[in-house]
Each structure stands twice: as structure tokens, then as C-alpha cells.
Amino acid sequence: MLKRSAVRAAIYARGTIGEAAGAVAVACGAVPTAGRFVSSQPKRVVYDPAEAAPSFADLPLYRGILKHKEIGRLFDIDDPFYRCHQARNGVTTQIAGKNYVNFASYDYLGLNQHPAIVEAAKTAIDNLGTSVSASRIVAGERTIHGALERSLADFYGVEAAITFVSGHATNVSTISTLMTADDLILYDDLSHNSLIVGVRLSGATAYAFKHNDAEALEALLLEHRPFHKRALIVAEGLYSMDGDVGDLPSLVALKEKYGAWLMIDEAHGLGVLGETGRGSAEHYDIDPKRVDIWMGTLSKALASCGGYIAGRQELIDILKYQAPGLVYSVGLSPPLTAAATRSLELLKAEPERVARLRSNGKLFLSLARAAGMDTATSEGHAVVSVIVGDLVNAGRLADRMLARGINVLPIIYPAVPIKAARLRFFITSEHTPTQIREAVRTMREEMDGLGKRPRQKQAA
Ligand code: PMP
């Protein structure tokens, strides 16, 4: 049980809620403290059969959850996580019978529930059922899988593509299949969890380089590249927590200079970056074949679910026959496959969606900056984060925005650094300029109100 009196004392002693939140985070075990790493100590017996069987409730992971909830109660913040939406998540949504303008869904091109996509998904169910009921390598292969993968490869201008049932699993499985303990991986330190899990699972020697910093990457390459036959550089097209674009030209130059492979996660880049939504290669006018591994998800601009890898045929063959997340997992379901294929067709046929998204993103960013908000490195491409300091501020602001009819989620540690909690706005092609202006104005008002109206809940 977190001691309320201790937290309150910390607030008054330390002066700011941010510092108190930092103290609470340490108490929760969120910030590693010196001396916790014990793997080099000699083995000793720690299991005593006479004691009660280990309980999940004793796991630090569980205690961390309870403490976060307690902080919420203490500061009178509603839990924003796993909140149930009752309607389609689009530009508007419905929660507990109330309507909200929604800035928390990555339906970037407004294709979720587009009639043509719904129709394609229904037809696929009629023809092929809701599941392929087997891994593709055995009895789960359908012609629609190949059709989607052909379209993805053509869209990228590379030889081939392969789809997985989850974007997260795509990264985990691809990196851990390709790279081994003998290899080197250098990854941007703001990489998505799925990339990092893949890196860890591979067993490769791995170093994070400072976000979007080509010099830091080159220093690591100079130091470590000679000692590994193979090396992989991992980065993203558009960073989903900060809304900035990866430095593809430098990454490509370095990967060519040092003989490394380059993997770019385009989860938030596809349909967003580039004149026609082809992603970061189009954004920078770089030949997509110069990137070895294009990764993306079907769950964002393509309004479906699943992930893909696109690149050379032999890469795709390795994954098709060797990636556990593919070989030992069911094939992508017919409605999801059909929905993604139809979405990609619409993305190609209606580039005006990408243009609308671009102008909405720029509008949001320019208004937020003009209102004096800290948008850090956000570049105004579908993701704009407003940094608000700590988890308590972020939770309170999200709460108050909701009370004023705007759904936007707080992003807190460990997804972002402890003192860089933020409200992250996902902007889509379907938001109206009025909704955007209103959201920024409301956010400004609530940020101003936050300092003046501390709502410290008294202990019962
Ligand atoms: N990569 C990035 C950069 C992501 O942001 C996400 C999830 N949002 C994923 C991979 C995983 O994709 P999915 O949610 O489709 O599994």
C-alpha cells in the first residue's frame, strides 16, 4: 500500500507535483535503482516448500499496477485505460452513452467502416469464413493473402511482402528470426516496444543510439561494426510518441557505408508520409530498394489488423519458412485480409485523403505552437504530442479534456520518459478544422486552469 501521507508530504516538501510523481515512480519501482541487478551473485536457494505457493499478486508487475491506480485515486484522476467505447472509433466516439470528438484513434485516413471496406470484409466472410483455421504453411493459405502481399510489395516498389496476424508479432518474429547472438543490432532509443522485444529475443549484441542522431549511430558503428559479420540498424518512419520523422537519408547513407541492413518500421508512416502516402521513402524521395526491411502494420491507415514485411524475395522466403510468428501462427483472417487490400486500393485511388491529413496535421501543430504548447519534436504528421511534465498532470488534463467532450489519451512512463508525460493527439484526414481549433483552445484553457486549481484529494 502506497502511503498517502508520504506522497502528500513529498508534494509539500518538494514543491511540485512533478517531483512528487517522480518520487512515487521510484517507490513503485518504475525507475531502476542501483543494486537491483543480481545476476552475477552466486546461486542460493530461494524457494522454501514450506512457504505458501508464489502468488501473482506478489509480482512487482502487479504491485506496480496497484500503485498506479492508487496514484489515480489520490489525485482524483479517472483511470483512462481500457475505457470502453460503444461506437465506431472515428473522428467521434461514444463512451458511457456520451459523444466525444476523438483524437485517440489511428484511423489516419478515416477508412474504418468505409462502405467499400465493410463490403469487402463481408464478402470475404461469405466466401471464406471468419478464420482460415490453420497456419498458412499447412492448410491456411488463401489467394487473398497473396493478393494483399502483391499489392503491398508493388506499393513499396520492392520484390515481395509477407503478412503476419499482428504488427507487434511481425517485429518480434522478424528481428529474432534474422539476427543471432553473433550479430550486432543498433536501434533508435525511441523504438517501439515490439522492435525492442525482437532485439532482445534475437540474443544479438545490441546498443540503442540517441534518437534520430546519425552521429551517435555512426560512433557505435565505428566502435562495434568490425566485430560482427552481420549488423542491423532499426528505426521508424514516423515516431508515434513524438510525431517526428526518422532521418532516412542519414540512415541509408550509414547502412551503405558500414555494410549493415536497415529496417524501417512504417507503422505510422504508411498512408501518412509522402505525397501519396507511400511513407518515408516517398517523403525523402529515396529509392525504397535501398532499405532492406520495410515493416508496417495493417491496423492504422489500412483500418485492419496485422503486420507486414516487404523487401527482397529471399528475405520474404526466410520469414515464410522460418519465422515462428508465421509458421506457428494462424494465417491472417479473410475479413481482415480483404479489408486491408481494399483500404490500400482506396489509399491509391484517393490521395486527397493523404493531402487532407497533411493539412490537418499542420493546422494542429501550428495552432498548438501558437498557443505556447510544448510540442517537442512533433512535425505535424498525424501525431502531435503536447508535453505536460508528469503523469499526474497528464492524467488530470486527459480527464478534463474528456469532461469537455474531447477524447485524448495521456502517455506516461514507461512508454515515454518519466518527466515527459504528454497528451498525444492522433489527427486524421476526417477531423474538421473547427474540431482541431476547438481541441487546441480547450487544451490551452485546461492547461492554464491546471496550475490554478490543484484538486488535492483529502485522505478519507
Ligand atoms: N510498430 C509501431 C511503431 C507501433 O506503433 C505499433 C503499435 N501501435 C506496432 C509496431 C504494433 O502494431 P500493431 O498494433 O498493429 O500490432
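Which helix gives the most residues to the shell around the ligand? Helix α7 (residues 167–178) does, with 3 residues. The structure is a predicted model, in which local features need pLDDT of at least 70, side-chain atom pairs count only at pLDDT 80 or more, and totals for chains, interfaces and linings use all residues. Residues are numbered from 1 along each chain as its sequence is written. Helices (H or I, at least four residues) and strands (E, at least two) are DSSP runs numbered from the N terminus.

The ligand is surrounded by 14 residues, a residue being near a molecule if its C-beta atom, placed from the backbone, lies within 6 Å of it. The closest are G167, H192, A267, T297 and S299. By class, the shell holds 1 nonpolar, 11 polar and 2 charged residues (Ala, Val, Leu, Ile, Met, Phe, Trp, Tyr, Cys and Pro count as nonpolar, Asp, Glu, Lys and Arg as charged, and the others, Gly among them, as polar).

An open sheet of 7 strands has the order β3-β9-β8-β7-β6-β4-β5, with mixed pairing; two strands pair if DSSP finds at least two bridges between them. Because β3 (160–164) and β5 (205–209) stand at the edges with a single partner strand each, one side of each has no neighbour in the sheet. Within the sheet, β7 (residues 261–265) and β8 (residues 293–297) pair in the parallel sense over 3 bridges, and M263 stands opposite I293 in β8. Helix α10 (residues 248–257) packs on the sheet, where it touches β6 (231–236) and β7, and its direction makes about 155° with that of β7. Contact requires C-beta atoms, placed from the backbone, within 7 Å; axes are lines fitted to C-alpha atoms, for helices over the stretch in contact, and angles run from 0 to 180 degrees between N-to-C directions. Helix α12 (residues 313–322) lies across β3, β8 and β9 (307–311), at about 25° to β3.

Helix α7 also packs with helix α8 (residues 193–202) at an angle of about 30°, their axes 7 Å apart. The two helices are therefore roughly parallel, the term covering angles under 35 degrees. Residues of α7 in this contact include G167 and N171, and those of α8 include S194 and L201. The contact has 6 nonpolar, 8 polar and no charged residues.

The axes of helix α6 (residues 143–156) and helix α14 (residues 334–349) come within 9 Å and cross at roughly 30°, which makes α6 roughly parallel to α14. The contact involves, among others, L148 and F155 of α6 and P334 and L344 of α14. Its residues divide into 9 nonpolar, 4 polar and no charged.

Technical notes
Two residues are in contact if their C-beta atoms, placed from the backbone, lie within 7 Å. Angles under 35 degrees count as roughly parallel, over 145 as roughly antiparallel, 65 to 115 as roughly perpendicular and the rest as oblique.
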